[in-house]
Amino acid sequence: MKIHDLLKNKKFLYGGGALVLVAVVASATYFSSGNLLKGEVPLSSPNQQITPTFACVGTPNPVTLVSGKATVTWKVSNTLNSTISYYLWSLPGTSSYSFPTASGGTTVYASTGTKTGTVTIKYGSPQTTATLNCSVVVQNQAVTPAAPTLSSPANGATGVSTTVKLQWNTSSGATSYDVQVSTSATFTTTPIVNFGLVANFYNILPGDNLTSNTTYYWRVNAKNAAGQSLWSTPSGFKTVAGAAAQPPVVSALNCSGTVGVVFPSSCQVVATNNPTSYDANGPFDGMHINAGTGVVFGTPTAAGTFNSTIIAANAAGQGTANFTMTIAPAGQPAASVAAPTNLILDSATPDGANYDVKLDWNAVTGATGYNIKASLTHGGPYVMVPMVWSLADGTISATFLNVAPGTYYDVVTAVANGSESANSNELAAVVGQPQPQPQPQPQPQPQPQPQPQPQPQPQPQPQPQPQPQPQPQPQPQPQPQPQPQPQPSTVSTDCSMFKDVSPSDPDCAAIGFVNSIGAMTGNPNGTFGANAFLQRDQVAKIILVAFKLYSDQTNYCNGLPFPDMTVSDWSYNYICAASAEGLVTGYQSGSDKGYYRASRYVSRVEFLAILLRSLGDALPSNDSTSYADVAPGQWYSGYAKYAQANGLFPGSSLNPGAFTTRREVANILYILYKEGKLW
């Protein structure tokens, strides 16, 4: 007799309410006798016992009632192919019946539910009995769901955000939805299409590229296993006019908790530019986000790591960021993190009647974020303050713009996976007193001039009068300029390659221009990000490329230009080149003295200093008057006068401490190009 490999007992589960087949195995004794045939395996002993395996196989689940009945065909699989002498089927929905030599039968059901029965098998010699459990799920025939009803935004709504949340009523029996958005009421233009949405809403994100002051139409259908509904009645809305700043999410991007334990209140999403609401896409088992405050709350129900998209919204649109929630199993504590130390007031720079305030503190190992809290009284209570922070050389820095004079009591906490530390030392920040500022470029200082002294004369003679001496004005040193090079033949004002810039955008030509000369390219997702701030390393590259001062084939570095840089930094060679050209320097005073701080955002006046050193034009005196918020005698007063005279920063105010955006830099370079000042 041929002997096969032995199989262990198994349970078969087909997911989603599918057929459950349980093989109950019986034993039989087989004997080898005489000469073995080819492929047979000799038994180790005359009475060795082997275990054949049988399985009950039915029509794939689930089975649907059609016209009041569902038909299931059964059979028994036999892994050893041994002769089965008798079946006794006792299955639900029918009376018991037997098949002496058949391998299966057919059963008809007239009701829904899980149907479970048994099959008794007699086989082998000597005869052995095995019993199998068989089950099948019977369900009603699926019905196509009705078309959803659209609920928000209301039909005809105006002033709607370009990153609006579309919502509709759930459709009974639906398992997913499709949504379309178009500028055409008949959806003949290429629409925004999203298929297979499980929730009854869809958050339009910046990458969907809705434009301001535009009418859009949208519709939704519902689907299940039976098919899909008709499209809903379309609804229309008009987006907000203007280009107010969207609210970027700046903190609380990672939080942690424990199954069954109320989530820590320290997990709060913070965004700038006055967000009016918060929301989230993604799995939030047992969790919620407060739409007004951004606090994540609830009691987790499942352990694991859950990734979501946090959304902060205002009238101009939405800011988004990835959010990770790490939930430990019940009984395991969430991660803890140490409190920050050495919170200090780094500087307070005049900004009109107010000040731009910079705070520093020591970085905390393992921290994924920080919260700044302020109070008007010693010891609190403290209120969380939105901020954008950066890390350089172990120090965290955060800058707050347009702070009114006064005394503020500040603390900072660290966050690691949602666990918030204790407060740092309390800082009494006195805003309104002059603070030493790091300067982008040291300015020459006027030297006292010797005055002529009257000499004694043997006879009375008219005495020479002291003559006023001209005082040198601080001026930037002229920088070596590159040899004139031919203007690129590929200059273009086409901005169509960016998903977030339309041909009707007033900045389209400038953005297309800087992209065509390689000075400012887009993001990996196909967007330009016109409102994003620029960092010091990015500005160095942009200026070098725009003025044709850089070659990829040249190594500009002779050692590290600044102690906070490494050869592995992407901007290493660019910053070496900019330093060699005299366009950038390290900070000259304060805690940052000697460092470059490549990742810090660049203020408007810092950008002007780098730009105008590259340009080489004669600059007005630092005693010049220009913008309403720039006083004569500031180190940047000459730069400001040049910017105003040439329309680089339009308007009556410069806002010198404001961070420079990609949009502003693109327009400034385009202005200089049109005036013939780039090459």
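This is a predicted model: local features need pLDDT of at least 70, side-chain atom pairs count only at pLDDT 80 or more; totals for chains, interfaces and linings use all residues.

**Entry 1: β36 and β38**

I started with β36, residues 406–416, and found it joined to β38 by five bridges, with the two strands running antiparallel.

Next I asked which residues of β38 sit on its covered face. In β38, residues 427–431, they are L427, A429 and V431. A428 and V430 make up the uncovered face of that strand. The every-other-residue pattern is what I'd expect, because side chains in a regular strand alternate between the two faces of the sheet.

**Entry 2: a three-stranded sheet**

I then looked up an open sheet of three strands and wrote down its order as β13-β15-β18, with antiparallel pairing. Which strands stand at the edges? They are β13 (150–152) and β18 (201–203); each has a single partner strand, so one side of each has no neighbour in the sheet. From one strand to the next, I get an average twist of 25°.

I also checked the contact between β15 and β18. Strand β15, residues 165–168, pairs with β18 over three bridges, in the antiparallel sense. One bridge I jotted down has L166 partnered with Y202 in β18.

**Entry 3: the disulfides**

How many disulfides does the structure hold? I count two.

The C495 and C508 pair has its sulfur atoms 2.0 Å apart. This link is left-handed, with -100° about the S-S bond. It connects distant parts of the chain: C495 is in the loop between β38 and α1 (508–516), while C508 is in helix α1, 13 residues apart. Are these two cysteines buried or exposed? C495 is buried at a relative accessible area of 1%, and C508 is buried too, at 9%. I call them buried because both values are under the 20% cut-off.

The other link joins C557 to C576, with an S to S distance of 1.9 Å. Here I read 105° about the S-S bond, which makes the link right-handed. C557 lies in the loop between α2 (536–546) and α3 (572–580), and C576 lies in helix α3, so the pair ties together parts 19 residues apart in sequence. For accessibility I noted 13% for C557, which is buried. C576 also counts as buried, at 5% relative accessibility.

Terms used:
Residues are numbered from 1 along each chain as its sequence is written. Side-chain values use heavy atoms; hydrogens and water are left out. Buried means under 20% relative accessible area, exposed over 50%, partly exposed in between (1.4 Å probe, protein chains only). Helices (H or I, at least four residues) and strands (E, at least two) are DSSP runs, numbered from the N terminus. Two strands pair if DSSP finds at least two bridges between them. Axes are lines fitted to C-alpha atoms, for helices over the stretch in contact, and angles run from 0 to 180 degrees between N-to-C directions. A disulfide is a pair of cysteine sulfur atoms within 2.5 Å.
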